[in-house]
Each structure stands twice: as structure tokens, then as C-alpha cells.
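Subject: Structure handover

Hello,

Here is the structure I promised to pass on.

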Amino acid sequence: MLDESKPSSGGHADDDRWLDRPSSVNLIIKLLILACVLSVVADFFYHKHGDYGFQEWLAFDALFGFFAYVGLVTTAKGVRRLLMRDEDYYD
Amino acid sequence: MIDVLSNGLPPGVLLIVGAIPAVLLPHRPSQIVMMALPLLGLAQLLSMPGEFSYTIQLFDYGLQITRIDALSRVFGIVFYIAAFLGILYASHQRDRLQAAAALIYAGAAIAAVFAGDLLTLFVWWELTAISSVFLIWARRTEAALAAGQRYLIIQVSSGLLLLAGAILLHSESGSLTFEHIGIESLGGWLIFISFGIKAAFPFLHGWMKDAYPEATVTGTVFLSGFTTKLAIYALARGYAGTDILIPIGVTMTAFPIFFAVIENDLRRVLSYSLNNQLGFMVVGIGVGTELAINGTVAHVFAHVIYKALLFMAMGAVLFRTGTIKASELGGLYKSMPWTAFFCIIGSLSISGFPLTSGFVSKSMILSAVGFEHYVIISLVLLFASAGVLDHSGIKIPFFSFFAHDSGIRVKEAPLNMRLAMGIAAAFCIGIGVFPEPLYAILPYPVDYHPYSMGHVVTMLQLLLFAALAFVLLWKAGLYPAELRSVVLDIDWIWRRLLPRAWAGVAGTWMIGQRWFLGTADRARHGLLDFTRAQMSPWTRLGEPWPTGATAMWASVLLLAYLLLSFY
């Protein structure tokens, strides 16, 4: 069952998939935004009680998730400046 | 002897013995035997009583070679599942070395979990190290050979620390039983560090991100399952409630994710991600309450399966395309749709989306930390959860299967790989939707309801908004591009700094030696030349002296001696 097919590049008949269209990608992003909005709206429909006071703030986890992510990626880019080397560094 | 064979053999030995027919039989029968072994082992384990132990007498020591209790049992179960998935995933492969190594490795890890004393644990501990390195070497590249050597040295050292600690503990207490150890004694510390190496504590973690990505396509799937989770088991047994584990674990959740964001080798990204997941477990062990230990064990169970699934998916990509670098991949969903689909399920699980296994296990740990009101720890764990979403939830599937179409077109993964991934994915969803069977086998009684409105909404907010942040950063071109590169980590110390420092010391020594020898040589030659110059027939000292002058100088010398002798 060894794989004998070689990876190939270039034009393909399947280059135009549904996901290849910008309109599809935009649709997915819109759905994601809708899901985000719904998850915040849900905060109004139950009694929030967290282990800590701040967890009861409206959309605390939403804001935390967003800024944690941005902070992580931005910091990692800084780390990259410090620690990134050529691919053959250890060779 | 017969009694041992029929009653006392620790679970796991079956796999080790089974390596013999598996290696000797032709390909197809051997694959059937290999796949049957973990299923038989699992059936044997489930048929045994919930509490069981078996002790053999070796010289003056009673060695408890088998100890089944609630904690060891659940690890045994998930290890057998992992072994089965790995064997199925590797069953297309005609490499007897790897097959034997994988069976012995999995068997040793299972037997280690059921070791009731430290000496028995040590034996299995070292066997996992020695057998697993062949899964790295079997890649048969120079990089794999070197990484395997580094891996073996570190793993074996961990075992030696365990042995030294066990001897110290035995001399203090006279007992080798593996129960709660604690860090009150030197022996306890040595064993703590031994476990810490295998659990990839901060600064002891370098071996994992170094070696795992160098192993074979199928080897990494096995490696991801056993070694580190054996260490988690050992920590839970010996160090539950040890406070220092909380800062250690929380560092493990946060530290590796920065590296995972910028790493290009996707199996290395998964290794960092593995390190981060271990952090959640180590925090749970440090908290040490019943809920925390239950959460840790549940997380191990869920994690072993979704992590194997992710490594299987990336392994399939590597197997088909020949590369696993994010900078060279993209668009593979077109040719590997099944692999992409299963990978996404693994990604959702590790991220902890509701209805997946990661959600029902990680929430327990988060709740356990919350109950104790460790506010900073809770916030870091939340931050780390957003980080998991980035590297394992988004980066892994996005850059391999979507992103920019790399133009690579390959065959879908072989059937056996798809089957293994499919079963693993089914576990991820199954545990997420019906957590009760998993909760039922946890060490302590469970009174926990993951699907409260609060848990679901807060987790969804965290993950969805983090995903939104990714979309915005990606659209704005601010997300770090995948670049052909290596990212330096702690292993730089022994891969670059120490060799260079050694070269420096050796070089300085050589230069010093050369200088010294050169100087000595010059001095010797100088003295010889000088003497020769003075004694040659053409110099003042060398020319023939008249007899009278000689007699006169001899008398002067003798007189000088005479005068000196008076004083």
C-alpha cells in the first residue's frame, strides 16, 4: 500500500471549489460573527455566577478570549525576532 | 511460577510477549495478531477486580509487580485504546523493527502504570525509554539518529534519578512501595525531578519538541500517547497536592504556546501543544482535590485520544506529501478530505469546544482551580485555552488543509489510517456528548455537570472571540506568516551552546598546549645553541688553553673552595 503518487503542482480541475470563492469565505466569517454575537446575547438569559466576581461581568470571557489571542500572537511575533534562525541552523 | 503466569502478570506484558509472534509472522497475520493484542489486554484488564495486587519475593524485597486500583486502571484502559489506535494506524507499514518497538513500548508503559513499587516502576520506566527510541531511529535520517541519541540520554537519566531516589527512600523508610512520596526528602526530590523530566516540566521539556517531530510518521503517534502520560500518572500517584506543581503546571500551559505560534514544523507545533496540555494536568495534580484529580485523569483520557488523532492527521499529511512544514502546505482538503475532517474534530476537541471530549475534561480542571480561588492561575489557564485554540485549533488544520492552496495534490490517506482517525474522532465526540462512562471510571466519585449554561456560554465566548481575533489578524496581514525556519528553545543549550563551549575549551587547550610546547621547544633549542656556541673550537671557551693557564685557573678554583669551606 505504499504511496507511489508524487505530489504535483500546477493548475487543477478542482481549483474552483466552493471554499475557493471569496464570497464563501465571507459567508463563513459572517457566520462566525453571528455566533460571537449570539454567545454574548446568551449572557442575558441566565444568571451568571463565576468563581470570581469579574466572571459575572457581561461578556468577560469574550473580551478575555479576544485580547488574550491578540496578545499571544503579537508577543509571539516579538519572540520570533529574538529566536528565529535559518532552517539549517543546526546542520 | 505458574501462579505468576496465571494470576499475577501485570497488564501490558501481553503486548511485550506478543511482539515475538508479531515480528515472526508474515505481514497480514502479524497485523491481525498485533491488533488483537491490545483488545485482549483490555478485556483482561476489565475482567480483573477493581482492587488487586500481586507481590513476588526477590531476595529480601517484596516486589508488587501488579497493583490495580481506580487510578492505575483508567490509565491502563486509555493506554490500551491508544495502543490499538496506533497499531491500526501503522498497519500498512512493513517495518518489523518499528512494530516490535511500538508493542514493547506500549506494553512497558502499561506495565509501569500497574507497578506497585519503585523498583518495578524503574524497570518498566527504563524499558519505555529504550524501546521508544527505536520509533525515532526508524525514520533512518541523520537528524533522527542524532535526536534519538539526545532523547535516549535524557530518558535514561530520568530513570537513573528514579532509581537513586528509590534507594534513598528505601534507606530512610525501609519501603519501596510506590505511594504518596512528597518533596520532604532528598529521595523525594530526585524522583520528583525524574518524573518532571518525562512530564516535560519547564526547562526539562527540550527533549520532547526535539525528538517527537523527528520520529517516523507512525512512531510519533505512539510516542505522543505513553511517555508523558506515564509521568502524569506517576505524579498523580506520588505528588498529588504538592503546591509547587501549580506554578510549574501553569508555566507549562503558557510558555510553549508562544513557540507553537511561530513554529513551522506542524508536528513540532503539536509537540508544543502536548507540552501545554500536560500543564493543565500538572496544575490539576498540584491542586490535588478530588475534583482536580478527577479532572486531570479525565483530561489524560480525552487528551491521549485527540492528541493521537492530531498526530495521525499530520502524520498522514507527511506520509502523502513528504513534508510537514506549514510554509509548504495548504489546500490539502481538496485531496485529503477525510483526513481534514478528522483533523478538525481533533482540533475542536483539544480546543475544548462543547460536545467534544476536551470540553468535558478541561472544564473539570478549570472548575477545580476556581473552587480553590487561585485567581491568577485561573486567568493563565484561560489565556492558555485561547492559545490552544490558536495552535491546535486553527494553525494545525488551517495551514495544512486550507490557507493558500499549495498546489500539492496527493492521494487520500490509506484506509487503515482513515479508520484509526475515524475511531479516534468518534471517541472525541462520543466522550463529549456522553461523558458519563468516562466519569464512571475516574478515581473518585463524580458529581460534576459540564453542560451547565454558564460553562457552555463562557467557553463558547472565549473560543469564538479568539477565533474572531484570528480572522481579523489574518485579514489584516498581521498574523505571523509561516516561514522556513527553526525557533530556538532550551535544547539550544545542548545542541549548540555546550558543543560550542566544549569546542572553545578544547580549542583553548589546544592553543595553550601548542604555545607551551612551542615555548619549551624554543627554550631547549636556545640553550643547546648557546652551549654549542660557547663550546665550539672557535670561541673563547672552546679554543685550546695553554697548560699553565689551565693549572692557574684550577688553583684559583681550589683556593675558592678552601676559602668557602672556612665559612
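**Two helices in chain B**

Helix H10 (residues 219-239) of chain B packs against helix H13 (residues 290-321) of chain B, at an angle of about 165 degrees and with the axes 8 Å apart. Keep in mind that this is a predicted model. Angles over 145 degrees count as roughly antiparallel, so H10(B) and H13(B) are roughly antiparallel to each other. The crossing of H10(B) past H13(B) is right-handed.

Which residues of H10(B) meet H13(B)? They are B:Thr220, B:Val221, B:Ser224, B:Gly225, B:Lys229, B:Ile232 and B:Ala236. On the H13(B) side, the partners are B:Ile293, B:Thr296, B:Val300, B:Val304, B:Lys307, B:Ala308, B:Phe311, B:Met312 and B:Gly315. By class, this contact of H10(B) with H13(B) holds nine nonpolar, five polar and two charged residues.

**A hairpin**

Next, look at strand S1 (residues 52-58) of chain B and strand S2 (residues 61-68) of chain B. They pair in the antiparallel sense, over seven bridges. B:Ser53 stands opposite B:Arg67 in S2(B). S1(B) and S2(B) form a hairpin, with two residues between them. In the turn, B:Phe59 has a positive phi of about 50 degrees.

**The domains**

How is chain B divided? The assignment gives domain 1 (1-239), domain 2 (241-490) and domain 3 (497-566). Taken over C-alpha atoms, the centres of domain 1 of chain B and domain 3 of chain B are separated by 68 Å.

Best wishes

Terms used
Residues are numbered from 1 along each chain as its sequence is written. Chains are lettered from A and ligands numbered from 1 in the order in which they are written. This is a predicted model: local features need pLDDT of at least 70, side-chain atom pairs count only at pLDDT 80 or more; totals for chains, interfaces and linings use all residues. Axes are lines fitted to C-alpha atoms, for helices over the stretch in contact, and angles run from 0 to 180 degrees between N-to-C directions. Helices (H or I, at least four residues) and strands (E, at least two) are DSSP runs, numbered from the N terminus. Angles under 35 degrees count as roughly parallel, over 145 as roughly antiparallel, 65 to 115 as roughly perpendicular and the rest as oblique. A crossing is left-handed if the near helix is turned anticlockwise from the far one by less than a right angle, and right-handed if clockwise. Two residues are in contact if their C-beta atoms, placed from the backbone, lie within 7 Å. Ala, Val, Leu, Ile, Met, Phe, Trp, Tyr, Cys and Pro count as nonpolar, Asp, Glu, Lys and Arg as charged, and the others, Gly among them, as polar. Domain bounds come from an automatic or database domain assignment. Two strands pair if DSSP finds at least two bridges between them.
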